[in-house]
Amino acid sequence: MASLLAGAVAAAAFLLLFLVLGWNFFLCAVLAVALFAALTLLLRPEQVEDETIRAQSRQLHETAASILTYLEKHPDKIKLARRFIDYYQDTASSLLAKYVELEDSGLNTADAASLREKTGQALISLNQAFAGQFQRLMSNELMDMDAEIR
C-alpha cells in the first residue's frame, strides 16, 4: 500500500513539474524517483532498533536530500550525479530494506549478527560515498569560495 501511495504521489509530482510547470524532463524524472524512494522509506511502518543503523540511515537520507536540492537548483550538474542517482540511492534503499527484513524475522544466529554488523559498516561506506558525491558536485562552488576567502 505504501508503495502505491508513493508511486501515485511521485507520478503526480512528475506530471505537475513537467506538464504544468514545464521543467526539464530529466530533472522531473530524477525528482520523481527520489520522491518515490523517500516516500517509500518514510511510509514504512518498520522501525530500525539499532541506534547506529538508524543514525547512519538518517545521515544517508539527509545527504541525499541535500544532493537532490542542490541538483534542483543546478540541473546542469545532473549528469555528474548519475552514479549517485543510478547506483548509490538504490543500493542504500535495498540494503536498508533487507536489514529491516532481517530484523523483522527475529533471527538471532551468528550469521544474522554478522550481517547486522556488516550492514552498519556498509552504511558508513555509503555515507562516505554520498558525501564524496556531494563534494564533487559542489567542487566549483567550494573553489570559488576558497578563492574569495583568500
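User: What volume does the largest pocket have?
Analyst: About 850 Å³. A pocket here is an open set of points on a 1 Å grid over the protein atoms alone, with protein on both sides within 12 Å along at least five of seven lines. The volume is the space filled by probe spheres set on the points, which are joined across faces, edges and corners.

User: Where does this model come from?
Analyst: This is a predicted model, in which local features need pLDDT of at least 70, side-chain atom pairs count only at pLDDT 80 or more, and totals for chains, interfaces and linings use all residues. Residues are numbered from 1 along each chain as its sequence is written, and side-chain values use heavy atoms, with hydrogens and water left out.

User: Back to the pocket. How many residues line the largest pocket?
Analyst: The lining has 33 residues. A lining residue has an atom within 4 Å of a point. Ala38, Leu41, Leu42, Ser57 and His61 lie nearest the centre of the pocket.

User: Which helix gives the most to that lining?
Analyst: H3, with 10 residues. H1, H2, H3 and H4 each supply at least two.

User: And how do the lining residues divide into nonpolar, polar and charged?
Analyst: There are 22 nonpolar, 6 polar and 5 charged. Ala, Val, Leu, Ile, Met, Phe, Trp, Tyr, Cys and Pro count as nonpolar, Asp, Glu, Lys and Arg as charged, and the others, Gly among them, as polar.

User: Zooming out. How many helices and strands are in the protein chain?
Analyst: The protein chain has 6 helices and 0 strands. These are DSSP runs numbered from the N terminus: helices are H or I with at least four residues, strands are E with at least two.

User: What does the C-alpha trace span along its principal axes?
Analyst: About 55 × 45 × 20 Å. The accessible surface of the chain comes to about 9500 Å², and 60% of that belongs to carbon and sulfur atoms. Those areas come from the Shrake-Rupley method with a 1.4 Å probe.

User: What share of the chain counts as buried?
Analyst: Of its 150 residues, 33%. Buried means under 20% relative accessible area, exposed means over 50%, and partly exposed is in between (1.4 Å probe, protein chains only).

User: OK, the core. Which residues touch the most other members of the largest nonpolar core?
Analyst: Leu71, Phe84, Ile85 and Phe130, out of 32 residues in that core. The elements giving two or more residues to this core are H1 (2-20), H2 (25-42), H3 (51-73), H4 (82-105) and H5 (110-137). A nonpolar core is a set of buried Ala, Val, Leu, Ile, Met, Phe, Trp, Tyr and Cys residues joined through side-chain atoms within 4.5 Å.

User: Tell me about Leu71. Is Leu71 buried or exposed?
Analyst: Leu71 counts as buried, because its relative accessibility is 1%. Leu71 lies in helix H3. Leaving aside neighbours within four places in sequence, Leu71 is in contact with Leu27, Lys77, Ile78, Ala81, Ile85 and Leu137. Contact means heavy atoms within 4.5 Å.

User: What does Thr63 touch?
Analyst: Phe130 and Ala131, not counting residues up to four places away in sequence. Thr63 is also in helix H3. Its relative accessible area is 9%, so Thr63 is buried.

User: And Asn127, where is that found?
Analyst: In helix H5. Asn127 counts as buried, because its relative accessibility is 9%. Beyond neighbours within four places in sequence, its contacts are Gln56, Gln59 and Leu60. Asn127 and Glu62 are 65 residues apart in sequence and 10.0 Å apart in space, C-alpha to C-alpha.

User: Last one. Which residues does Leu102 touch?
Analyst: Leu107, Ala112, Leu115 and Arg116, not counting residues up to four places away in sequence. Leu102 is in helix H4. Leu102 is buried, with a relative accessible area of 15%.

Methods. On a 1 Å grid over the protein atoms alone, a cavity is a set of points where a 1.4 Å probe fits but cannot get out, and a pocket is an open set with protein on both sides within 12 Å along at least five of seven lines; lining residues have an atom within 4 Å of a point.
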